[in-house]
Amino acid sequence: MNEIIENEFSWISQRMKHAFKEFDLDIPSESSVNQSYVKGNTHEWTCGFWVGISWLIYENTNDQFFYEKALALTDVLIDRLDRDINLDHHDIGFLYSLSIVPAYYHTNDSKYLKSIQKAADKLISRFHNNGEFIQCWGTLGDPDEYRLIIDSLLNMPFLFTSSKLLGDPKYANIATKHYNTVFKNIIRDDYTTYHTYYFDVVTGKPKFGKTAQGYSNDSCWSRGQAWAIAGICFNQEYLNNNQDDDFNNLLNVFKNNIPDDGVVYWDFAFNDNNPSAKDTSANSIVACGLLERAKYVDDVRKQEYINMASELVLSVMNNYSNRNLDVDTIVSGCTYSFPQGIGVDEACLWGDYYYLEALTRLSNPEWKKYW
């Protein structure tokens, strides 16, 4: 497997060096068009994944080009933070876990701690005591937007990391409350998941679940299920909570919906008898979660998780690699938002990122995660 991963990083580093030179300090939009990224702007929720890709390639190749590019792009995102541009949402963690956190780890420069604090303060400003959750988007307190989102589970590690690095428990306290609220409400009785969940703005009591990117309010959006699985794993270190029942049941739902080619459809309403577009990013997200959880279990389960993660990643590699295409992306078969017709069967920044993180974790189990 290590030789396979080395070969992957060899062609990926060559391709992405060209891409990073072409984009310079611009950042691609969330998903590709005809498998090629297009210049977007530095104001989207996905920008951190582009920086994270540069950090991962640097750590796997020791190519200083990617180190310098990652630092330069981190400065771009710090400037966005300082000017408070399009940051009124829960995705602060996706932006800054993958930029200023590794920048601090690699440089030990205290200036990054100041930015971590500013970003963490911005994220917790969306926390509502009434309901105990971080509002995902929209005007704060708007009854029509008074909800949390399953994706936010991957933003909570940024708050836990902030408390650890800054020595201030308030970020971890809020992250813990939000995390608990998510899991009290987002999981259905059959261990499928809602995408978003609404609360009463007056009482703070839970109201109902609703999708934004899934097939229907009652179906299970596969990437949402992946966020829940990885969310348990990525926060386990900070919460010291195994959640074995939740984890096993959520994972079983995912496993039971893996089709013949090993890559899940964008929603579990679909299968090989009723096919639709795939979402390779869901595979990679779950693989990263499994490899994180493998650190905390007995040897039998550890090997089981490593084996499953390897299978999920190899299914993406063997069926959706863009290796032989003249494009600037890594893997196709991602679906950003099928209902909106955005990024269907394309590459996406988070899909490429999590694919590289999974490869990194497989080759180096001691890798120091950014989350």
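**Close-up views of a predicted model**

Of the 371 residues that make up the chain, 60% count as buried, and the model shown in every view is a predicted one.

**View 1. Overall fold of the chain.** The secondary structure of the chain comes to 13 helices and seven strands. The radius of gyration is 19 Å, close to the 21 Å given by the globule rule for 371 residues, so the chain is as compact as a globular protein of that length. Taken along the principal axes, the box filled by the C-alpha atoms is roughly 55 × 55 × 45 Å. Among contacts between residues at least 6 apart in sequence, 67% join residues at least 24 apart.

**View 2. The largest nonpolar core and the surroundings of Tyr 355.** The largest nonpolar core has 126 residues, and those with the most contacts inside it are Met 16, Trp 50, Tyr 96, Tyr 353, Tyr 354, Tyr 355 and Leu 356. When residues up to four places away in sequence are not counted, Tyr 355 touches Glu 8, Ile 12, Ser 284, Val 313, Val 316, Met 317, Ile 330 and Val 331.

**View 3. Ile 92 in helix H4.** Ile 92 lies in helix H4, which covers residues 92–96, and with a relative accessibility of 0% it counts as buried, because the cut-off for burial is under 20%. Leaving aside residues up to four places away in sequence, Ile 92 touches Leu 87, Ser 97, Ala 119, Lys 122, Leu 123, Asn 155 and Phe 158. Ile 92 and Met 156 are 64 residues apart in sequence, and their C-alpha atoms are 9.5 Å apart in space.

**View 4. The largest pocket.** The space in the largest pocket amounts to about 320 Å³. Its lining consists of 16 residues, of which Trp 45, Asp 91, Trp 137, Gln 213 and Tyr 336 lie nearest the centre of the pocket. Divided by class, this lining has six nonpolar, six polar and four charged residues.

**View 5. The second largest pocket.** About 250 Å³ of space lies in the second largest pocket, which is lined by Leu 291, Glu 292, Ala 294, Lys 295, Lys 302, Ile 306, Arg 361, Leu 362, Asn 364, Pro 365, Glu 366 and Trp 367. Helix H11 (280–293), helix H12 (299–320) and helix H13 (349–363) are the elements that give two or more residues to this lining. By class, the residues lining the second largest pocket divide into six nonpolar, one polar and five charged.

Notes
Residues are numbered from 1 along each chain as its sequence is written. This is a predicted model: local features need pLDDT of at least 70, side-chain atom pairs count only at pLDDT 80 or more; totals for chains, interfaces and linings use all residues. Side-chain values use heavy atoms; hydrogens and water are left out. A nonpolar core is a set of buried Ala, Val, Leu, Ile, Met, Phe, Trp, Tyr and Cys residues joined through side-chain atoms within 4.5 Å. Buried means under 20% relative accessible area, exposed over 50%, partly exposed in between (1.4 Å probe, protein chains only). Contact means heavy atoms within 4.5 Å. On a 1 Å grid over the protein atoms alone, a cavity is a set of points where a 1.4 Å probe fits but cannot get out, and a pocket is an open set with protein on both sides within 12 Å along at least five of seven lines; lining residues have an atom within 4 Å of a point. Grid points are joined across faces, edges and corners, and a volume is the space filled by probe spheres set on the points. Ala, Val, Leu, Ile, Met, Phe, Trp, Tyr, Cys and Pro count as nonpolar, Asp, Glu, Lys and Arg as charged, and the others, Gly among them, as polar. Helices (H or I, at least four residues) and strands (E, at least two) are DSSP runs, numbered from the N terminus. The radius of gyration is taken over C-alpha atoms; the globule rule is 2.2 Å times the number of residues to the power 0.38.
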